[in-house]
Amino acid sequence: MARRIHFFVRPNRRFRSSKMGRGKVWVAALAAVVLLMGGSYLYRQQLEAVATFAATPQQESSPLLSFGKSLSLRIVSTVIPGFNDHDHALSEGEVSTAEDHYLQKLALNDLRNPKNMIYAQIPYLGVVPETLINKPATDQPETPKITFPVRAELTGAGTVLLYHTHATESFVPSSGKAFVSTDLSQTITQLGAELASLLQNEYQISVYHDQKIHDVPRTGAYERALPTITELLKTYPNTALVVDLHRDGVAKKITTTTLNGQAAARILLVVGSRHDDWQENKAKAEFMHHTLEKLAPGISRGIRERPLVYNQNVHAGCLLIELGGYQNSLEEVRRTLPVLAEALALLYSSGQGQ
């Protein structure tokens with residue numbers, strides 16, 4: 001009797017085990033199909049969000065599209081070396097996220113092309129494709145290397161337009177906040193006013209300083225600044241330079257040097273390469289970098305190229321200047337202003353008498 005019981009139980013257990021195994025296979029296959037379909041859908045959504053994000057000019061977006069942009073930026077920032085630079089970590093007091101910080105710096109170029117996405121995910125295996133970094137939106141033959149200083153372009157005649165895409169950027173040691181919209185005397189706008197005064201009084205350069213706030217809310221600041229610049233260029237058709245003055249969002253150890261024995265803010269020049277005439281802007285940035293280094297070695301952090309626009313397509317003399325960072329005090333940034341003013345004056349008058 002014991003054998004008969006054993007005989008009937010064993011086949012039944014084998015049958016149940018086989019049935020359960022087939023069930024697990026079907027569940028795994030179904031899960032794989034769901035994951036593939038979901039991944040494909042998310043990938044298409046990511047590409048659509050990035051493509052929308054890259055459009056110029058950008059339009060105000062819906063909450064769903066904003067979420068798509070934020071998601072796409074998180075994905076992109078993890079795979080494109082240098083896009084979400086670790087140096088650009090924001091302080092706890094800042095209201096915007098790291099994704100918002102780069103959303104305001106305008107548009108990625110041609111990430112709809114899957115080949116470019118793949119190339120971008122392979123860090124340091126060579127040069128990232130030119131379509132992502134150094135090439136304008138339209139295909140053009142390579143131009144010869146620019147020679148400095150720039151000659152016969154800026155003759156000392158004309159107006160310098162000074163404005164701020166992010167007028168509320170402030171300095172935490174002085175204001176207690178990273179952004180202040182109620183008292184511009186605590187922000188980069190105040191430094192802009194002091195820079196304009198130096199250029200006018202020390203170098204007799206005509207300057208128009210626009211103090212309009214474009215970054216409340218932060219998202220869309222570049223789009224709101226574009227009509228301001230366009231109108232100013234109509235009002236001042238003899239404009240020689242267009243300076244967008246910012247403060248950076250990186251650590252103090254990166255944005256600080258010593259000037260005459262005291263802590264002073266360093267300067268970063270940013271060039272967007274996603275427009276046809278970007279090399280003309282780069283020429284001015286190169287001139288500024290070399291001049292700054294001659295005046296005060298170590299004061300310049302160099303030039304950062306991005307496959308973005310930054311509204312620099314409106315004029316051949318556009319400069320985006322990051323003056324210090326959020327962890328610098330107003331006093332530290334003020335110590336750098338005379339050096340920056342002298343470099344701008346030299347750029348303004350370069351070509352005169354040559």
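Mentor: A residue is called buried under 20% relative accessible area, exposed over 50% and partly exposed in between, with a 1.4 Å probe and protein chains only. The structure is a predicted model, in which local features need pLDDT of at least 70, side-chain atom pairs count only at pLDDT 80 or more, and totals for chains, interfaces and linings use all residues. Residues are numbered from 1 along each chain as its sequence is written, and side-chain values use heavy atoms, with hydrogens and water left out.

Trainee: How many of the residues of strand E6 are buried?

Mentor: Strands (E, at least two residues) and helices (H or I, at least four) are DSSP runs numbered from the N terminus. In a regular strand the side chains alternate between the two faces of the sheet. On one side of E6, Ile 267, Leu 269 and Val 271 are buried, and on the other Leu 268, Val 270 and Gly 272 are buried. E6 (residues 267-272) is therefore largely enclosed by the rest of the structure, the buried count being six of the six.

Trainee: Through which helix does the chain cross from E6 to E7?

Mentor: This β-α-β crossover is right-handed, meaning that, with the strands pointing away from the viewer, the path from the first strand over the helix to the second runs clockwise. The helix on the path, residues 278-295, is H9.

Trainee: Are H9 and helix H11 parallel or oblique to each other?

Mentor: Axes are lines fitted to C-alpha atoms, for helices over the stretch in contact, and angles run from 0 to 180 degrees between N-to-C directions. H9 and H11 (residues 337-349) have axes 9 Å apart and pack at an angle of about 130°. Angles under 35 degrees count as roughly parallel, over 145 as roughly antiparallel, 65 to 115 as roughly perpendicular and the rest as oblique. The two helices, H9 and H11, are therefore oblique.

Trainee: Is Val 243 buried or exposed?

Mentor: Val 243 lies in strand E3 (residues 239-248). Contact means heavy atoms within 4.5 Å; beyond its neighbours within four places in sequence, Val 243 has contacts including Val 160, Ile 321 and Leu 344. Because its relative accessibility is 1%, Val 243 counts as buried.
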